[in-house]
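Hi,

Here's the structure I said I'd pass along.

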Amino acid sequence: MATATSPLFSLSSLSASLPSPARTTPASLSLRGLSPRARLSASYAAFPIGGFGAWSATPASSGRWRRRGLDVVCEATKTGKRPDSVKKRERQNERHRIRNHARKAEMRTRMKKVLKALEKLRKKADATPEDIVQIEKWISEAYKAIDKTVKVGAMHRNTGNHRKSMLARRKKAIEILRGWYVPNAEPAATT
């Protein structure tokens with residue numbers, strides 16, 4: 001049998017050293033001293049050949065063993081500890097949650113800035129068409145923030161499009177109210 005320091009074990013050497021599956025179940029095996037790959041191979045070898053989870057070598061796989069049937073149950077579930085992949089995923093989720101929250105907060109701030117400026121322009125008595133130039137710059141910044149939020153996946157693209165459309169509609173409504181924009185009721189005939 002290969003030594004415990006070698007990184008890989010052959011399937012035949014592991015299955016020869018393990019007790020017969022008829023006498024014991026795979027859950028009773030102690031595989032802690034083995035590498036993860038050897039642990040996986042040993043847990044596969046403990047299943048009865050021809051029964052559930054049988055191994056098969058196909059010519060298409062060029063002599064490699066392929067597992068059919070049940071999936072491997074994580075070794076950590078038996079010990080009660082969570083595997084490292086779960087801990088890593090939790091760390092990533094927390095980082096992404098904080099980052100997404102910051103992006104959404106920036107987007108909301110920019111949208112509020114535009115909406116407040118539009119409301120102020122609507123109430124202003126002596127407003128001129130030049131007043132809307134600064135608001136258009138802020139709308140551009142808001143669009144950029146919305147697109148970034150959608151790009152990283154913190155918000156669905158339809159929600160982003162809805163919010164951009166809302167800003168454009170509000171701006172257009174004020175332009176129509178002030179008489180700076182006259183919507184064409186009939187489209188020009190193209191010949």
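Let's start with Lys88, which sits in helix H4, residues 84–123 (helices are DSSP runs of H or I, at least four residues, numbered from the N terminus). Keep in mind that this is a predicted model: local features need pLDDT of at least 70, side-chain atom pairs count only at pLDDT 80 or more, and totals for chains, interfaces and linings use all residues. Residues are numbered from 1 along each chain as its sequence is written, and side-chain values use heavy atoms, with hydrogens and water left out.

Lys88 is partly exposed, at 46% relative accessibility (buried is under 20% relative accessible area, exposed over 50%, partly exposed in between, with a 1.4 Å probe and protein chains only).

On to the salt bridges (a side-chain nitrogen of Lys or Arg within 4 Å of a carboxyl oxygen of Asp or Glu): the structure has nine. In one of them, Arg97 pairs with Glu94 at 2.8 Å, N to O; both lie in helix H4, three residues apart, about one turn of the helix. Arg122 and Glu119 make another, at 2.5 Å, N to O. Asp131 and Lys124 also pair up, at 3.3 Å, N to O. Glu106, Arg110 and Glu141 are linked in a network of salt bridges.

Last, Thr149 in helix H5, residues 131–151. Thr149 is buried, with a relative accessible area of 0%. Beyond its neighbours within four places in sequence, Thr149 is in contact (heavy atoms within 4.5 Å) with Arg103, Lys104, Met107, Ala154 and Met155.

Cheers

Methods: Helix = DSSP H or I, 4+ residues; strand = E, 2+ residues; numbered from the N terminus.
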